[in-house]
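The structure comes before the text.

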Amino acid sequence: MGNIGDFFKNVVSEMRKVSWPRRKELTRYTIVVLSTVIFMALFFALIDTGISELFRWFLAL
C-alpha cells in the first residue's frame, strides 16, 4: 500500500509542474480543433458522396 501512496504523491507533484494553457490559448486551441474536425468531416462526406455516385453510375450501365 505504501507504493500506491507514493505513486499518488508523485502524481500530485508532477501535476503541479504542468504548464496549463491560459483561457485565451485554450479558446484558440479549441477553435482550431473544432474547425479542423468540421473541415475533415465535410471533406470526407464530399469524397464519400462522389465515390457513391460514381459506383451508382457504373452499376447503372
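## Aromatic residues

At 37% relative accessibility, F43 is classed as partly exposed (buried is under 20% relative accessible area, exposed over 50%, partly exposed in between, with a 1.4 Å probe and protein chains only). F44 is partly exposed at 49%. The model is predicted: local features need pLDDT of at least 70, side-chain atom pairs count only at pLDDT 80 or more, and totals for chains, interfaces and linings use all residues. Residues are numbered from 1 along each chain as its sequence is written, and side-chain values use heavy atoms, without hydrogens and water.

Three aromatic pairs turn up in a search of the whole structure. The rings of F7 and F8 have centres 5.3 Å apart and planes at 70°, so this pair is edge-to-face. Rings of Phe, Tyr and Trp (its six-membered ring) pair if their centres lie within 6.5 Å; planes under 30 degrees apart are stacked, over 60 edge-to-face and the rest tilted. F7 is exposed, at 51% relative accessibility, and F8 is partly exposed, at 48%. F43 and F44 also make an edge-to-face pair, with 5.2 Å from centre to centre and 70° between the planes. One aromatic cluster is formed by F39, F43 and F44.

## Annotated span

The unreviewed UniProt entry places a "transmembrane region" at residues 26–47; such annotations may be inferred rather than shown by experiment. Residues 26–47 are 100% helix and 0% strand, and the end C-alpha atoms of the span lie 31 Å apart. Helices (H or I, at least four residues) and strands (E, at least two) are DSSP runs, numbered from the N terminus.

## Nonpolar patch

I4 lies in helix α1, residues 2–17, and is partly exposed at 45% relative accessibility. I4, F7, F8, V11, M15, V18 and W20 form a nonpolar surface patch with about 690 Å² of accessible area together. Patch residues have over 30% relative accessible area and no salt bridge; like charges are joined within 9 Å, nonpolar side chains (Val, Leu, Ile, Met, Phe, Trp, Tyr) within 5 Å. A salt bridge is a side-chain nitrogen of Lys or Arg within 4 Å of a carboxyl oxygen of Asp or Glu.

## Whole chain

The chain has two helices and zero strands. Its radius of gyration is 24 Å, well over the 10 Å that the globule rule gives for 61 residues, so the chain is more spread out than a compact globule. The radius is taken over C-alpha atoms, and the rule is 2.2 Å times the number of residues to the power 0.38.

Buried residues make up 0% of the 61 residues.

Notes. Accessible areas come from the Shrake-Rupley method with a 1.4 Å probe; for residues, only the protein chains shown count as cover.
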